[in-house]
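Please keep the sequence and the three-dimensional view at hand while reading.

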Amino acid sequence: MCRLFAITSKTPLSPMIAMEAMDVMREGHDGSGVGLFLRDLAGPFEEMKDAPILSGIFTDAGIKRLDRYMMDLGFMTKYKISIKVPKVKLPGTPKRDVYLIRAYEYPEEWEALPKQEVDNRLVSIRLQLRAMGEEEQDMIVFSFWPDVIMIKEIGDPMQVARHLNFGRQELNARVIMAQGRQNTNYAINLYACHPFFIQGYATMTNGENTAFVPIREYLLSRQVLGYTGYQSDSEVFTHILHYTIHHLGLGLETYKHIITPLQNEALEKHPSGAFLKQLKHSCRQLTIDGPNCVIGCLPDHSLFMVQDRKKLRPGVVGGKPGCWAFSSEICGLDAAIPDRDKSKDFQPMHLDTTIVGPDRQEIAICSQTDPLPLPR
Amino acid sequence: MLPDRPITPSTLSVKDLLWQVLWDKDKCTLCGRCTAVCPVNAIELGVFRKREFTASLEPERPSTNVYKVYHGIRQKTDPAYACVGCAMCNQVCPNDAIIPIRSDEADKLRFHINRGGQPRSRGGRRNVPGGLLDQIKFIRISMLTDPALDAGRHEFELRTLLGRMLPPEDNIRFYKENGWIPPVREIYPLIIGSMSFGALSPNMWEGLQLGVAYLNEELGMPVRMCTGEGGCPPRLLRSRFLKYTILQIASGYFGWDEIIHALPDMQEDPCAVEIKYGQGAKPGDGGLLMWHKVNKLIAAIRGVPVGVSLPSPPTHQTKYSIEEAVAKMIQSMYMTWGFRVPVYPKISGTSTAMAVLNNLTRNPYAAGLAIDGEDGGTGAAYNVSMNHMGHPIATNIRDAYFNLAKLGKQNEIPLFAGGGVGKNGNLAANAAALIMLGASGVQIGKYIMQAAAGCLGSESDRCNICNIGRCPKGITSQDPRLYRRLDVDMVAERVVDAFLAFDMELKKIVAPLGRSTTLPIGMSDALGIGDHHAAERLGIKYVV
């Protein structure tokens, strides 16, 4: 089973915090891979919050192709982090040429574009690069979005972290999400590695979504740019979140109602029951089924955790004002924030959505039985 | 045979018949029950002549013989009275002295049951054993990352939706703006399909209704039953049980006067209205209730004279196209109940089903589509229609699902599959396979007749006389001498048994797949089949 860890902190932290938490939770994952998501970046990226950052893995030939492609589009490199790969290859990890984290300057003609158009174009470019990479096997692109860095690799999280020197100052961030373990259901593929990301929304999941195929078919049929890929059954969680908030205009508290709707008896008693019943019916195809703990991040830097209908996966949230962590296990939390008030740790149950907002002051818990801020 | 006995082309021997009645003289008590019970008069009391020879051992006394007479059972060889193999004779025989046996070769009867130029018609279904649904396996068993669920202890929400679903964006907008949101029913995914009050005997129909009411009110299973064409008893129309009933309107419009008259007195809305355009067993053919079954009660409910055959035309005579039918009929049915009742069409499985479906996707009122495949049962149809026409349900429903997925509307128009579901007894497995291929629910007819009332029909042309009202069990007869054989309460009890057993089996299928909170509609990754072409055609895994 995978292990998840996420932290949001007022002061920028090193991703090594997450790697250490992952390391103490080692019994829960087999060390077959790691995915890292960084946002609200510090260091050099602090000054360029609007610049889109490309993260991925490239061969030497791939990087040349990338440069040509980006130059043709009018993107100029603004800043880059070079992760120099040590000469001695990490056992079990494929040989890579370059791990790329590069911030770009938008093309001039983009300046007049509305935000939505810019957002869509960024997704298009990421998809185009991914397709180019899949064609020639020379690029793997994880994200192309302002203020976001993603790194994924096969291997033991701690070894990969040391190998690639995650401890460097430039990688410090205020929001960090990490997942330990590669996808085990289908072929080993870095695109199947959590966290998943689309237009500011990121989630990572622990478990298996048995309703994956119908949900994938439904999402694909929405004709939304970026609803594609699906190398993992968990990628749909990110897209459902994006769909709920971005397309349906609903709040985060509704996300849980969409993926795990209440049963009818509960809906009848619910103050917003009439609306929720409509939602349950019209979004029936998005209901997930299976044991899942989902940790996610919104564009406003909120972090949240939700559980499946039966609460079959572990998950705990704890911390102190200014710094909160979401972890699969309490030992992970202990490693990251040992000086918190442990009596306040919260383990969300099957009805709860636990949210730490952008102010990082407290844990907000909303239960599915609470009234919803309705659109009417 | 006497040498001067006439031999015509239709002179058959017992050997030429499909079923041969074996009778044991030594066991028979000549009670006559078998001949009394035989629904087709295939056997009669016979007088047999026998020569008894006594050989003398003394030369002076000659040997003698006497001619004696004894009584027994004789099987008629007239094609009109051919045994149908129902074995009611065996059921009533106190000594097991009689039993029909199926011929060991293809019968010659089939060439002769078209007397007067009338091709054979019968009830039942295709009489082809086997079928694709039984070959499908559920291959995706959750083991490690996703532990299997416990069918006995976990909560399950295996409900389906009947009604037009709006896309989420529209639904939220309409809700905000107080717009009209089409009615949606949450129902159990196994529906008792359309078998009319005229086709079934009053005892059978009442038993089914009673069972359905019990399932709903005592066990909390929202099971629904479709009336079939021919209306509904007035008392039911005015009762609270109407909400468990799907009213069918077919091209003969039989019984709709009664329904319309009952409208002002209705306490509840019906669950839905089904407009029948076709039936799987005889696609492109209308309905037919033969005169044998039109007694006083049926005539009164249907608003027709007693003792006349009631054919429904193959099409709705007032409509010339599905577009028009959808536009007019669906809408006027909605209007009848104040836009509170879902209305959907039922068609036969055919390669033209996609055209109908595409049309429905553009109609905001269409509440679903029921497709009845070639193995569907029917009350009365020509043999040739039943055996040689129609489309198997699995591919039809799969095509329909893919079609909806392509349009992004797979959640919006629920598909209901019927036609041979559970015909070999594997009801839950067949139903689950169809659901995972894309059906929102399944309809059963003959299965419930077999399970709840002991219908004798089989997939090898046994019985199949539902059409002429001589059902030996009294299931499809309007003759009180026959239908009093059926105990209403026992039928109800068996309906409940069958549904509860189905429910448990369905859970035993979905729980190991890790599904419990939604019906696994379209979960095709769980399906496998050992036939490469079928796997490719259905878009499921090929496993050997």
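A crossing of two helices is called right-handed if the near helix is turned clockwise from the far one by less than a right angle, and left-handed if the turn is anticlockwise. The model discussed here is predicted.

Q: In which hand does α8(B) pass α9(B)?
A: Helix α8 (residues 322–336) and helix α9 (residues 353–361) of chain B pack at an angle of about 45°, with their axes 10 Å apart. The crossing of α8(B) over α9(B) is right-handed.

Q: Which residues of α9(B) make the contact with α8(B)?
A: By class, the contact of α8(B) with α9(B) has five nonpolar, one polar and one charged residues. From α8(B) come Ile322(B), Glu323(B), Val326(B) and Ile330(B). Those on the side of α9(B) are Val356(B), Asn359(B) and Leu360(B).

Q: What is the hand of the crossing of α6(A) and α7(A)?
A: In chain A, the axes of helix α6 (residues 235–247) and helix α7 (residues 252–259) come within 9 Å and cross at roughly 125°. These two helices, α6(A) and α7(A), are therefore oblique to each other. Their crossing is right-handed.

Q: How many residues of the contact of α6(A) with α7(A) are nonpolar?
A: Helix α6(A) contributes Phe237(A), Ile240(A), Leu241(A), Thr244(A) and Ile245(A), while α7(A) contributes Leu252(A), Tyr255(A), Ile258(A) and Ile259(A). Of these residues, none is charged and one is polar. The number of nonpolar residues is eight.

Q: Is helix α4 of chain A largely enclosed or largely open?
A: The buried residues of α4(A) are Pro157(A), Met158(A), Val160(A), Ala161(A), His163(A) and Leu164(A). What covers them includes α1, β2, β4, β5, β7 and β8 of chain A. Because six of the eight residues of α4(A) are buried, the helix is largely enclosed.

Q: Which residue just after α4(A) takes a positive phi?
A: Helix α4 of chain A spans residues 157–164. Just after α4(A), a positive phi of about 55° is taken by Asn165(A).

Q: Which residues of β7(A) point the other way from Val148(A), Met150(A), Lys152(A) and Ile154(A)?
A: In a regular strand the side chains alternate between the two faces of the sheet. Strand β7(A) is mostly covered, with seven of its seven residues buried. Pointing the other way, and also buried, are Ile149(A), Ile151(A) and Glu153(A).

Q: What is the bridge partner of Leu36(A) in β7(A)?
A: Strands β2(A) and β7(A) pair in the antiparallel sense over seven bridges. Within β7(A), the partner of Leu36(A) is Ile151(A).

Q: What covers the buried residues of α1(A)?
A: Met16(A), Ala18(A), Met19(A), Ala21(A), Met22(A) and Asp23(A) are buried in α1(A). The cover over these residues includes β1, β2, α4, β8 and α10 of chain A.

Terms used. Residues numbered from 1 in each chain as written. Chains lettered and ligands numbered in written order. Predicted model: local features only at pLDDT ≥ 70, side-chain atom pairs only at ≥ 80, totals over all residues. Heavy atoms only, no water. Buried < 20%, exposed > 50% of the residue type's maximum accessible area, 1.4 Å probe, protein only. Helix = DSSP H or I, 4+ residues; strand = E, 2+ residues; numbered from the N terminus. Contact = heavy atoms within 4.5 Å. Axes fitted to C-alpha atoms, helices over the stretch in contact; angles between N-to-C directions. Parallel < 35°, antiparallel > 145°, perpendicular 65-115°, else oblique. Nonpolar A, V, L, I, M, F, W, Y, C, P; charged D, E, K, R; others polar. Pairing = 2+ DSSP bridges.
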